[in-house]
Amino acid sequence: MNATTTTSSRPRLPTKLVLLAAALTAAVGFLIWTGTQGATVYYHTVGEVRDMGSDAYYRLIRVNGIVADGSIQSATGSNLISFDLQDDSGRLPVEYRGTPPDLFGYSSEDRYQEVIVEGQLEPNGAFRARSLIVKHGPEFEPREIPSQ
């Protein structure tokens, strides 16, 4: 037998099948990547958002801070709530449209709770929040419902 005429005993995969497998792998990889991008949003401090300047405009970001004492205002006849978020570096005005969490607006030891807002900073300096999360410690317990 001549070495140049020897053929491989393995069957060759059709090119279409290889291309289909590569396309499916790429599609699944893309879906995993885009799915985790929205779930891994880092939250910034008020100072970090201020330092970002115009780079923060219209980007989806999360901001962590404490609700400034006496800053919560509700618009009559609508579900718009505005308040200031603060930390050691300053304040950020926030507007939230929706029903706030039950614990929002309560203070403990003369200090409001810590919150995380997710939304977009606008050029006028206001942060339009699409979600509002109240942070609490492990001592959180739901209210007792009185028996009837």
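Ile-81 stands opposite Tyr-96, a residue of strand β5. This pairing belongs to a predicted model. Tyr-96 also has a bridge partner in strand β9, namely Ala-129. The points below start from these strands, then turn to the whole protein, one serine and the nonpolar core.

- Strand β4 covers residues 80-87, and strand β5 covers residues 90-97.
- These two strands run antiparallel, and eight bridges join them.
- Together β4 and β5 make a hairpin, with two residues between them.
- Strand β9 spans residues 127-134 and pairs with β5 in the parallel sense.
- Three bridges hold the pairing of β5 and β9.

**The whole protein**

- The protein contains two helices and nine strands.
- Along the sequence, the pattern reads α-β-α-β-β-β-β-β-β-β-β.
- The protein has 148 residues, and 26% of them count as buried.
- Its accessible surface comes to about 11100 Å².
- Carbon and sulfur atoms account for 55% of that surface.
- Take the contacts between residues with a separation of 6 or more: 47% of them involve residues 24 or more positions apart.

**A closer look at Ser-82**

- Ser-82 sits in strand β4.
- Is Ser-82 buried or partly exposed? Ser-82 is partly exposed, because its relative accessible area is 22% and buried means under 20%.
- Val-94 lies 12 residues from Ser-82 in sequence.
- In space, the C-alpha atoms of Ser-82 and Val-94 are 5.5 Å apart.
- Leaving out residues up to four places away in sequence, Ser-82 touches Ser-71, Ile-72, Gln-73, Val-94 and Glu-95.

**The largest nonpolar core**

- The largest nonpolar core has 23 residues.
- Which residues have the most contacts inside this core? They are Val-63, Phe-83, Leu-85, Phe-104, Val-115, Val-117 and Phe-127.
- The elements giving two or more residues to the core are α2 (46-52), β2 (61-67), β4, β5, β8 (114-121) and β9.
- Val-115 shows how such a residue is surrounded by contacts from several parts of the sequence: beyond its neighbours within four places, its partners include Val-63, Asn-64, Gly-65 and Val-67.
- Phe-83, Leu-85 and Phe-104 are also among the contacts of Val-115.
- Val-115 is in contact with Leu-132, Ile-133, Val-134 and Lys-135 as well.

Note on methods: Residues numbered from 1 in each chain as written. Predicted model: local features only at pLDDT ≥ 70, side-chain atom pairs only at ≥ 80, totals over all residues. Heavy atoms only, no water. Pairing = 2+ DSSP bridges. Helix = DSSP H or I, 4+ residues; strand = E, 2+ residues; numbered from the N terminus. Buried < 20%, exposed > 50% of the residue type's maximum accessible area, 1.4 Å probe, protein only. Contact = heavy atoms within 4.5 Å. Areas by Shrake-Rupley, 256 points an atom, 1.4 Å probe, with all protein chains shown as cover. Core = buried A, V, L, I, M, F, W, Y, C linked by side-chain atoms within 4.5 Å.
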